[in-house]
Amino acid sequence: MSLDTSSKEFITALKSGSEAAYTQLFNQFNLSLCSYAYRILSDNNEAKEIVHITFCKVWDNRKTIEINESLSAYLYKSVYNNCISLLRKKRQHAKYVDNGLVDLYFNRIVQNPHAELKLIDSESRKIILSAIDELPARCREIFIQCKINGHTYPKVAEELKISVKTVETQMSIALHRLRRKLDWLLILILP
């Protein structure tokens, strides 16, 4: 299949779920959209991620997608809006970083049973537990022993018959992954 992406036939094919049309759309616009997003964000990885998100939304919403101008204009406008949203989140996040609040959750809530109790059955708690579940098995086990159960690094090392350095390394990996995965949640739970 090779239709003109500006034709009504192409949009109809895309809306009906034609993978060939979607592939053609991706092949035709991916590089130029990445370049456009890069000019806005000045970060190649973020630009690629924004374009990926845009194409995923196009596929997910293909049946109800409203193309008022052209498909090209729609894609560029979507990438622009997604870039602006990311920049707003980054600016909001930078405010918390500047104020030293990035580790608030990990230093205050995970290590404080009273704060943890407030999260029971909340949506935030479910999201956090899901993120913890996604850690590699050994990393997750060590994180739970240290942060949830409150065991010291030497105690966990002794129980698991590993070195304290291994516990420290695994905790560092766990915290890094969780911070990266849950940074957006920090923005939602802080005033």
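Searching the whole structure turns up one salt bridge, meaning a side-chain nitrogen of Lys or Arg within 4 Å of a carboxyl oxygen of Asp or Glu. The model is a predicted one, where local features need pLDDT of at least 70, side-chain atom pairs count only at pLDDT 80 or more, and totals for chains, interfaces and linings use all residues. Residues are numbered from 1 along each chain as its sequence is written, and side-chain values use heavy atoms, leaving out hydrogens and water.

The partners are Glu141 and Arg138, with 3.3 Å between the closest N and O atoms. They sit three residues apart in helix 8, so about one helical turn separates them. Here is how accessible each one is (buried is under 20% relative accessible area, exposed over 50%, partly exposed in between, with a 1.4 Å probe and protein chains only):

| Residue | Relative accessibility | Class |
|---|---|---|
| Glu141 | 34% | partly exposed |
| Arg138 | 36% | partly exposed |

On the helix 8 side are Arg138, Glu141, Ile142, Gln145 and Cys146, which meet Tyr153, Val156, Glu159 and Leu160 of helix 9. By type, the residues of this contact are five nonpolar, one polar and three charged.

Now for the geometry. Helix 8 (residues 137-148) and helix 9 (residues 153-160) have axes that come within 9 Å and cross at roughly 135°. Helix 8 is therefore oblique to helix 9, oblique being what remains once angles under 35 degrees (roughly parallel), over 145 (roughly antiparallel) and 65 to 115 (roughly perpendicular) are set aside.

How values were computed. Axes are lines fitted to C-alpha atoms, for helices over the stretch in contact, and angles run from 0 to 180 degrees between N-to-C directions. Helices (H or I, at least four residues) and strands (E, at least two) are DSSP runs, numbered from the N terminus. Contact means heavy atoms within 4.5 Å. Ala, Val, Leu, Ile, Met, Phe, Trp, Tyr, Cys and Pro count as nonpolar, Asp, Glu, Lys and Arg as charged, and the others, Gly among them, as polar.
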